Every structure is written in structure tokens, then in C-alpha cells.
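Please keep the sequence and the structure in view while reading.

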Amino acid sequence: MNLRKIIAGSLVVFSGALGLSGTAVAAPVNCLDVSKNHMQIDDSLVSTCLAAGFVNPSLTGNPANDTFLNSAAGAGYVFLGKDDAPAGNTYNVSFVQDTNTKTSSTGSFSFDASAWDLYSDLAIGFKFGTGQNPDNWFVYKLDPLTSAGDWLLVKMAKQGGGLSHINLYGTLKASVPEPSTLALMGLGLAGLGLSRRRK
């Protein structure tokens, strides 16, 4: 877990609740249309909302019918895990739903920070039951090294809002040559240089 980000996010939420102002106040990133049900996550945790919508099934994790993976925004991403699929939850994706009132739901998410070792970009997807009212799924691009944080669902339809599951998506890092490969390349180039010198 990225404790620094969790503490920073908690301080921002706490100071916001007290009405304090300062230069380090973070802003919520909305996902997407605020006239419909929409989500907010602090901009110290996410950089943008990648996609949102209303369709079932949606965030299935199956490339054949996962709405995000089959959208333009999901190009290059692969499914990494889902909280309610123990056999396919390599990075221990989990969530807590703290409140679920008529107008909003709040909670937190987390996963193993080791996902950042192999993936350059990570995205977190949320699927809600919204009483058949749009929107019911949301996907955010996470800031680098973020592995936990808080979320808010604003229920414009004033019903539903139970969080069904969350998904983790990622894009693989570009392969980097191993040090031994680089050393061999260096020796080869040095050899070429010496042979040219002889001539």
C-alpha cells in the first residue's frame, strides 16, 4: 500500500470536512456526466476518468464482453483481477463500502502495489447496482504508485448504489533489455570498433 498517498488523501478529506482552505487542497475527478449518477475520486489518486456507462454485463473481466476492454478507452489494457474472483485475483483487489444513503455511497479500494512492477498504467473499475438508472460503471486511470484510496458515488437517481465489484486493469511496461544483454551488445560494438581500427 502507498501509505503516503493514503495519509495525504485522508488529510485532504478531513480538512475539506472542516471547511479549511489551503494550497494543498486536492480536487475531485468526476466520472463522467454529472447530470447522471457519477463518481468522484481525489486527483491525488487518479489522473482522469477513462470511461463510464450504463450496460449489463459491463465490467466482467472477460475480454469477450468487458465493456471497458472493448472500448477505445480500454485499448492496450488487460484484465488483472476482480475482488469477487478469488482464483483470478492475483493482486488482492478489494473494496469496502462505508455508507450507502439515498443520495450517495462512499468507500475505499485497495490492491497489492506489486502490480506497478509489471504494468506502466493501471486503471480501477467500479460496477454499481443503480436501480436501473444510468450510469452504473466507471473506470479511472490511477496516478503512478497509487494502490489504495477512497471513492464517492453521487446518486442523481436517488436509489440503488450498492457496489457490486471492482476490477483492476493494466498496460504492460515496455520490455527493457536485461543488463547481461546490454553488456553483450557493448562488447559486440567494441569489437566492431576495434576491427574497423585495424583496417
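## Disulfide, sheet and cores

In this chain, Cys31 and Cys49 form a disulfide, with their sulfur atoms 1.9 Å apart. The model is a predicted one. The link of Cys31 and Cys49 is right-handed, with 45° about the S-S bond. Cys31 belongs to strand β1 and Cys49 to strand β3, so the pair ties together parts that are 18 residues apart in sequence. Are these two cysteines, Cys31 and Cys49, buried or exposed? Both Cys31 and Cys49 are buried. The count of disulfides comes to one.

Strand β3 leads on to the sheet. Five strands make up an open sheet in the order β3-β8-β7-β10-β4, with antiparallel pairing. The edges are held by β3 (46-53) and β4 (78-82); each has a single partner strand, so one side of each is left without a neighbour in the sheet. From one strand to the next, the twist averages 25°.

| Strand pair | Sense | Bridges |
|---|---|---|
| β7 and β8 | antiparallel | five bridges |
| β7 and β10 | antiparallel | ten bridges |
| β4 and β10 | antiparallel | four bridges |

Strand β7 covers residues 119-129, and strand β8 covers residues 137-142. Lys127 stands opposite Trp137 in β8, and the bridge partner of Lys127 in β10 is His165. For Phe79, the bridge partner in β10 is Tyr169. How many residues of strand β10 are buried? Eight of the eleven residues of β10 (residues 162-172) are buried, so this strand is largely enclosed by the rest of the structure.

The nonpolar interior can be considered next. In soluble globular proteins, nonpolar side chains tend to be buried together. Here the largest nonpolar core has 27 residues, and those with the most contacts inside it are Met39, Phe111, Phe126, Tyr140 and Leu168. Two or more residues of this core come from each of β1, β2, β3, α2 (115-118), β7, β8, β9 (148-154) and β10. Strand β7 gives the most to this core, with five residues.

Leaving aside residues up to four places away in sequence, Phe111 touches Tyr91, Asn92, Val93, Trp116, Leu122, Ile124, Leu142, Thr146, Ser147 and Leu168. A second, separate core of nine residues includes Leu59, Leu69, Trp137 and Val139.

One further residue, Lys36, lies in the loop between β1 (28-31) and β2 (38-42). Lys36 is partly exposed, with a relative accessible area of 33%. This value falls in the partly exposed class because buried means under 20% and exposed means over 50% relative accessible area. Which residues does Lys36 touch, not counting residues up to four places away in sequence? Lys36 touches Pro134, Asp135, Val154 and Met156. Lys36 and Met156 are 120 residues apart in sequence and 5.6 Å apart in space, C-alpha to C-alpha.

How values were computed
Residues numbered from 1 in each chain as written. Predicted model: local features only at pLDDT ≥ 70, side-chain atom pairs only at ≥ 80, totals over all residues. Heavy atoms only, no water. Buried < 20%, exposed > 50% of the residue type's maximum accessible area, 1.4 Å probe, protein only. Contact = heavy atoms within 4.5 Å. Pairing = 2+ DSSP bridges. Axes fitted to C-alpha atoms, helices over the stretch in contact; angles between N-to-C directions. Disulfide = S-S within 2.5 Å. Core = buried A, V, L, I, M, F, W, Y, C linked by side-chain atoms within 4.5 Å.
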